[in-house]
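Me: I am new to this structure and would like to learn how to read it. Could you walk me through a few features?

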Amino acid sequence: MTQDGRLREVLLRWQAGWVTVRDYRSAPDGDTVAVRIGLPDRFVETIVLSTDPELYAGLADRVAGPSRWLTAPTTDPERTAATATAAGFTVHDPEWLMSRPLAGHPAPEPPAGYDVALSGRDSVLVAEVVTDDGVADGLAAKGHLAISGDAGQDAVADRIFTLPRHRRRGLGSVVMGALTAAAAQRGARTGLLVASGEGRRLYERLGWRVETEMVVAHWTGDADPLE
Ligand SMILES: CC(C)(COP(=O)(O)OP(=O)(O)OC[C@H]1O[C@@H](n2cnc3c(N)ncnc32)[C@H](O)[C@@H]1OP(=O)(O)O)[C@@H](O)C(=O)NCCC(=O)NCCS
């Protein structure tokens, strides 16, 4: 498979899990996937399945409009960002599509003072780390994961978060360990996610590797007053 063919497949698999974990609807169509998010400031997000700069430029012009987001893999982040900006988009901080085989994923126990609990419904799992002092609002870290793919082979992690005052105590690692262990137990084999800069440092520590950099942008141009 070509590099772009593999990237396309990985992006399709990631988005399938991402829309499952967030309960969005998506429609793959050629080189893009339109995700109907339906929020006032994020109505439709177009995910591009290729790093082709010409394709990106055409799409940036085509999808530009209020509440439109555009997310694309890139081999040239500066060029992609410049194209997005020229079409009226505001470019976010860089993100990275990452993957890892679930076999052998670290799954540390919570450190002293914390417990981890797993819940969820159907193919969506939720892990929460709470302080073990019985305080009702003792949530310290949380994450979500969807099991997806035709054979349930993929585990797509999403919204991994540790409250600022609980960071760098291993809780993000506990959340990721609990989610990936539960997914592996249910038969999933490959982990996929899109990481923030901070997230990337956590995931790299846990053995994940970068598939591609992603440019995420939302349109902030002048809306046509007649629309
Ligand atoms: C990313 C995040 C979840 C990490 O949570 P955490 O509980 O601090 O992670 P851990 O303590 O398990 O980190 C384990 C290791 O990952 C690496 N790591 C995690 N965060 C890091 C950071 N901000 N900078 C550098 N390394 C980092 C370190 O190697 C760390 O080990 P160390 O503390 O012994 O050096 C947390 O910073 C966060 O919620 N950020 C905001 C939301 C976000 O970006 N989430 C990720 C979305 S993809």
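Reply: Happy to! Keep in mind that this is a predicted model.

Me: How many residues surround the ligand?

Reply: There are 19 residues around the ligand, and among the closest are Ile160, Ser173 and Arg205.

Me: Which element gives the most to the shell around the ligand?

Reply: That is H5, with six residues.

Me: Which polar atoms lie by the ligand's oxygen atoms?

Reply: A polar side-chain atom of Arg205 is 2.5 Å from a ligand oxygen. From the backbone, a polar atom of Gly172 lies 2.8 Å from an oxygen atom of the ligand. The protein covers 78% of the 900 Å² of accessible area that the ligand has on its own.

Me: Now for single residues. Is Ser50 buried or exposed?

Reply: Buried means under 20% relative accessible area. Ser50 is buried because its relative accessible area is 9%. This residue is in the loop between strand S3 (42-48) and helix H2 (53-63). Its side chain makes a polar contact of 3.3 Å with the side chain of Asp4, and also reaches the backbone nitrogen of Asp52 at 2.9 Å.

Me: And where is Thr83 found?

Reply: Thr83 is in helix H3 (residues 77-86). With 22% relative accessibility, Thr83 counts as partly exposed. Leaving aside neighbours within four places in sequence, Thr83 is in contact with Tyr56 and Ala57.

Key: Residues are numbered from 1 along each chain as its sequence is written. This is a predicted model: local features need pLDDT of at least 70, side-chain atom pairs count only at pLDDT 80 or more; totals for chains, interfaces and linings use all residues. Side-chain values use heavy atoms; hydrogens and water are left out. Helices (H or I, at least four residues) and strands (E, at least two) are DSSP runs, numbered from the N terminus. Buried means under 20% relative accessible area, exposed over 50%, partly exposed in between (1.4 Å probe, protein chains only). A polar contact is a pair of N or O atoms within 3.5 Å; within protein, one must be able to donate a hydrogen and the other to accept it, and residues adjacent in sequence count only if both atoms are side-chain atoms. Contact means heavy atoms within 4.5 Å. A residue is near a molecule or strand if one of its heavy atoms lies within 4 Å of it. Accessible areas come from the Shrake-Rupley method with a 1.4 Å probe; for residues, only the protein chains shown count as cover.
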